[in-house]
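Here are a few notes to go with your first look at this one. Have the viewer open and follow the points in order.

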Amino acid sequence: PAAFAQKYSPDWTSLKAHTVPNWFEDAKFGIFIHWGLYSVPAWAPPSGELGKVDMSRWFYQNAYAEWYLNSIRLKDSPSYKHHVETYGADFDYYRFGQAFEQQNRAWKPQNWASLFKDAGARYVVLTTKHHDGYTLWPSKVPNPKRPQGGINSPRDLVGDLTKAVRGAGLHMGLYYSGGLDWTFETRPIATMGDLRTTAPQTEEYARYADAHWRELIRLYQPSVLWNDIGYPKLGKPEALFADYYNAVPEGVINNRFSVEYSDFTTPEYAKYDKITPKKWESCRGLGFSFGYNQVEGPEHVIAPEALIELLVDIVSKNGNLLLNIGPKPDGTISEIQLNRLNALGAWLKTNGDGIFGSRPWVRPSAKTTAGGDVRFTKKGDALYAFLLGRAAGPSTVVGLTLAPGSTVRLSGGRSVAWKKTGDGTTFELPANSPAAGPVALSITPAPAA
Ligand SMILES: C[C@@H]1N[C@H](CNC(=O)c2cc3ccccc3o2)[C@@H](O)[C@H](O)[C@@H]1O
């Protein structure tokens, strides 16, 4: 029999030979899912986006609903007050497991798979273990801190979603909180310093985390290892990476193992402002939280048009968008989240040609003489120009020069008249852009610069 592919050996030099596979470069848009015990209380103060709230206050009014356990450990937090009023001061967080396990029996993973496919997503990344230590698959790896159990889902939520997602033709990735596990370290985190000092570094935890990742790879062959918030120094990531790539050659590994090698970087509630040669993926919630937060309203959630423009901007600079959905314990998704997914899917259905499979052009952006924003992507011999905002009527893109005889089309095929002007190129756009979101133009042949 052909020798088993052993292309990678457990050292950084060998691992650096791995290149980002085309499927990840082409995908552009993935769905992040944060689902777990925290989805039962589903409560956090919507204090603001990560990066916009002073870090000295962030942990006391943590907008991340998936941080509920840590938040209720901080006795002067709004979450603690809410917890006492709603469940009582002596209600242990891990008792939410009963409601979570009872309610997710009704969950049909194929509903999520078709929803994400219709939204235009090409891959999915599900939390398998978040900071609270609860695993969404029935792991056989014992948790030394939880001899009494109650820390592993009896239903194989990871396997059920993986099967449905792949059945819909999407790639499946797995998130694992390697850096924090609140069953190993129970001290509350109130400062960035606490983040570091409460990251478990014992040999026992390193073996536990390594065994978990290896179990996940063996059971599900994930296309993405989305580790979060660091990894125990004794965790031997080089060996894990080499074994992973030898088992899943088209796999990708993010940069949150906090080691010298990764396939892509992961700005959170952030994006780069120029094209970067290294592949990156920007992740964020639709609101300020990753876990479902029942108190978030439209004033906290990104507007549909802004979401579409965010994707276009990220793609023009060599990034992917990993957009998070926070489901309820029974697997249903709130209306406000569904609404944004559907808006994105509708726009991509008409305008996705210049997004999926595209690559950045020589520059990511330009302005119109009216002050509008333009983003560029390239695919084959076409340049795509996305005019953000409600571009309509004659629109002049500054600094853009087309070759004589170039063909310009609206996505969906209708041709667009254009002419060279002193400033650049004027396009005769329809009087009103029909749907929400940027107007996408395909220009062939693509200008050289
Ligand atoms: C996806 C989210 N990750 C959070 C941890 N965040 C980070 O480790 C982090 C945040 C961040 C911001 C810019 C660049 C890198 C960064 O890494 C984690 O604390 C949240 O609960 C959620 O799972």
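1. Before anything else, keep in mind that this is a predicted model.

2. His34 has a side-chain N or O atom 2.8 Å from a ligand oxygen, and for Arg256 the corresponding distance is 3.2 Å.

3. Now zoom out to the whole site. The ligand takes up the space of the largest pocket. There are 14 residues around the ligand, and those that come nearest are His34, Glu66, Trp67, His131 and Asp228. By type, the shell splits into six nonpolar, four polar and four charged residues.

4. Next, the backbone. Most residues other than glycine have a negative phi, and most peptide bonds are trans. Lys28 is not a glycine, yet its phi is positive, at about 65 degrees. You'll find Lys28 in the loop between α2 (22-27) and β1 (29-33). Is Lys28 buried or exposed? With a relative accessible area of 0%, Lys28 is buried.

5. Ser258, also not a glycine, has a positive phi of about 55 degrees. Look for Ser258 in the loop between β5 (252-253) and β6 (280-285). Its relative accessible area is 55%, so Ser258 counts as exposed, the cut-off being over 50%.

6. Last stop: the peptide bond between Thr444 and Pro445 is cis, with omega about -5 degrees. Pro445 belongs to the segment after β15 (439-444).

Conventions:
Residues numbered from 1 in each chain as written. Predicted model: local features only at pLDDT ≥ 70, side-chain atom pairs only at ≥ 80, totals over all residues. Heavy atoms only, no water. Near = heavy atom within 4 Å. Polar contact = N/O pair within 3.5 Å; in protein donor to acceptor, adjacent residues only side chain to side chain. 1 Å grid on protein atoms, 1.4 Å probe; cavity = no way out; pocket = protein on both sides within 12 Å on 5 of 7 lines; lining within 4 Å. Sits in = over half its atoms within 2 Å of the grid points. Nonpolar A, V, L, I, M, F, W, Y, C, P; charged D, E, K, R; others polar. Helix = DSSP H or I, 4+ residues; strand = E, 2+ residues; numbered from the N terminus. Buried < 20%, exposed > 50% of the residue type's maximum accessible area, 1.4 Å probe, protein only.
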